[in-house]
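Please keep the sequence and the structure open while reading.

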Amino acid sequence: MGKPILEVEHLSGGYSRKAQVLHDLNFHVNQGELVGLVGLNGAGKSTTIKHILGLLEPTEGVIKIAGQTIQEDADRYRSRIGYIPETPSLYEQLTLSEHLELTAMAYGLKKEVYEKRLPGLLEMFQMTNRLKWFPAHFSKGMKQKVMILSAFLVEPALYVVDEPFVGLDPLAIQALLDLMVEMKEKGSGILMSTHILSTAEQYCDRFILLHQGKIAMQGTMEELRQKVGDPKITLHDLYVAVAKGEEPWKK
Amino acid sequence: MEKIKQLWMVRRGEFWQEASRYLKLLGNSGFMFSLYILILGGGVYYQRWIKGLSSDFPTEWILTAVFGILVFRTPLRTFLKSADLVFLLPVEKQLAGYFRQALIYNGLLQGTSIVFVWAIAMPLYRHTVSSDIMGYLIILVLLFAVKAWNLYAVWQEQHVLESTLYDLLRGFLTIVFIGMVLFKTPWWAVVIVILAIVVLTLSIIQPLSKHLLKWDKLLAGEKRQLERFYRLANMITDVPKMRNRMKPRRWLTGLTELYGYGQAQVFKKFYLKTFIRSGEYLGIWFRLLLIGILLMILLPKGVTSAIVAWVFTYLTASQLTALYNEYFASSSTSFTLSEKYLKSSFLHIYSTVLLVQMVIFSLFTLFISRSLEIAGITLLVGLALIYAFTYSYVKRKVNKTGTV
């Protein structure tokens, strides 16, 4: 296991000081590791992600990517993140190929690298014939694919992936999972929030169970099972227990 | 249900409340003033022109064409919203009253425009066709009648997706009927056309309602009408709902390639593409250019051309500042590049498109005034103004508020 790429220490925050959503979160994502961020709607997953992206400022605590905070160098901090949002947002006036070019340019990718990576990715997601299309003609799944393509084009050090499977066809889901495994093996860290727990259990190395803005449990599947003293419990059952506020680790 | 009965009033009220905001702006803008001038001047000229016409002027043909189109073209405003497809679909039966009110509303609106145009045509008609006022009024009533039939037919057509054939038949009969009335053909010929209309209505048009009402078609029609309204309003003010309209204009994409590849080019490409394709930016730029050139041709030659060039580039400049707000933080670009790039790129593209306009204005100044001096001054002062405006006023605005 590599060094930590993302470190979150004593993070508290939210949209305002009065309405704090997150309370003292501590976790990290190592290089070459896929970490699942799991929690109910409103548990604070998206807020956590916004803090990591630097779209919200913590009221307390520190977030570091590759040992650097956003205050030290915002551009470098952000160029290390590839973000796949829950709701795809595209520019109506740009085609697929222009979105991808924009991303590549913004991340300072060399043109050769961009042109080398692009065809394979397009093919994986069946988007090769759609390069000249405008988003108005894309389905929800295709829009999501544009986000995925943009992120994997850059091959950043850290992927932040928010609920990526919704609206994707089965082939695309498999392609995304394969890509995440590939990037992990290349040394990237991935933080993924999702509700598809069976997939998460199968693919994630560790889990962070978020409940009401606090980390209820975290660790590998083995560690989680040990904590609750049930060697066979699935992530699904564990999650349901946590979500009901049963605090299963105290049993 | 009481709610559904009131729905029509609520929806119509909502629209007119929004419309009145734009109409107020329209009233306060220079547009109204120009319109008065146009009406007054046009009226005088029109009267004089009619006096010179002889009775063999083809008034009937012209009026047949004008009213044929006016009566045949029957757009339907229903004030439906796309969410109605979910919420109102189950109560379609109870919406009969709603749709009846919509038809009356459309009839009144379109009838009013017929009255207007028929009133404008009055001097022409009475001078070249017949001065009989009774005949003039009877024709108006007949126009209403055939409009009402068109409205009914269009409503029936909303039950089928493919209605081109019905439209053709309807258009043909409408135009023939209006033509016969205007040309005062023998009464039995008119009766034959009326019979044809009745037969078409009973055999084809009336039975259309055995099909299901095609909501998508209704919604598309409503959307088209609403967009027409917004386009009109957009000529005098910035209509937020028009912002997302996009035209690919692929033939202009090559221009954006001038900026090549690289981090510094990201926002330049973005803003140039947005300028070319999004909203009305290119349209505003082009229209103001055209009006400016037209004024240059019409107004006295010389320094006036220079002033026109400056004024119209300034007008363009004040409209185009909104381009800055087109950027929003999307997934990737926003996280990697600082705002510094964004602002400088915007100012670069902004001043460049103004500069191009100024160069074209200067070339026309040269053509029209045939004076290299005046053209040169137009260009140099124009460039100085653009530079000053962009890098003092607009830059300050962008820096201060983050939005324009």
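K184(B) is partly exposed, because 13 other C-beta atoms lie within 10 Å. On the scale used here a residue is buried if 20 or more other C-beta atoms lie within 10 Å of its own, exposed if 12 or fewer, and partly exposed in between, with C-beta atoms placed from the backbone. K184(B) sits in the loop between α7 and α8 (187-205) of chain B. Its phi is near 55°, a positive value in a residue other than glycine. Most residues other than glycine have a negative phi.

The model is predicted, so local features need pLDDT of at least 70 and side-chain atom pairs count only at pLDDT 80 or more, while totals for chains, interfaces and linings use all residues. Residues are numbered from 1 along each chain as its sequence is written, and chains are lettered from A and ligands numbered from 1 in the order in which they are written. Helices (H or I, at least four residues) and strands (E, at least two) are DSSP runs, numbered from the N terminus.

H10(A) belongs to strand β1 (residues 4-14) of chain A. H10(A) is exposed, because 12 other C-beta atoms lie within 10 Å.

Next comes the contact between the chains. It draws 27 residues from chain A and 21 residues from chain B, where two residues are in contact if their C-beta atoms, placed from the backbone, lie within 7 Å. On the side of chain A that touches chain B, the elements giving two or more residues are α2 (74-79), β5 (81-84), α3 (96-106) and α5 (140-154) of chain A. The most comes from α3(A), with five residues. By class, this side of chain A has 16 nonpolar, six polar and five charged residues. Here Ala, Val, Leu, Ile, Met, Phe, Trp, Tyr, Cys and Pro count as nonpolar, Asp, Glu, Lys and Arg as charged, and the others, Gly among them, as polar.

Two of these elements can be followed further. α3(A) is mostly covered, with nine of its 11 residues buried. Among the buried residues of α3(A) are L96(A), H99(A), E101(A) and M105(A). Just after α3(A), G108(A) takes a positive phi of about 70°.

α5(A) is also mostly covered: 12 of its 15 residues are buried. They include Q144(A), K145(A), M147(A) and F152(A). What covers the buried residues of α5(A) includes β5, α3, α4 (111-124), β6 (158-162) and α6 (170-186) of chain A. How far apart are the end C-alpha atoms of α5(A)? They are 22 Å apart, which agrees with the 21 Å that its 15 residues should span at 1.5 Å a residue; the expected span is 1.5 Å times one less than the number of residues. Just after α5(A), E155(A) takes a positive phi of about 50°.

Elsewhere in chain A, all six residues of strand β3 (residues 34-39) are buried. Both faces are covered, with L34(A), G36(A) and V38(A) on one side and V35(A), L37(A) and G39(A) on the other. β3(A) runs parallel to strand β7 (residues 189-193) of chain A, and four bridges join them; two strands pair if DSSP finds at least two bridges between them. In that pairing V35(A) stands opposite L191(A). Five bridges join β3(A) to strand β8 (residues 206-211) of chain A, again parallel, and L37(A) stands opposite I208(A) there.

Two packed helices are described by the angle between their axes and the distance between the axes. The axes of α3 (residues 59-72) and α6 (residues 133-157) of chain B come within 9 Å and cross at roughly 40°, with axes fitted to C-alpha atoms over the stretch in contact and angles running from 0 to 180 degrees between N-to-C directions. That makes α3(B) oblique to α6(B): angles under 35 degrees count as roughly parallel, over 145 as roughly antiparallel, 65 to 115 as roughly perpendicular and the rest as oblique. The contact is made by F67(B), V71(B) and F72(B) of α3(B) with L143(B), V146(B), K147(B) and N150(B) of α6(B).

The axes of α6(B) and α7 (residues 164-183) of chain B come within 11 Å and cross at roughly 175°, so α6(B) is roughly antiparallel to α7(B). This contact divides into nine nonpolar, two polar and two charged residues.
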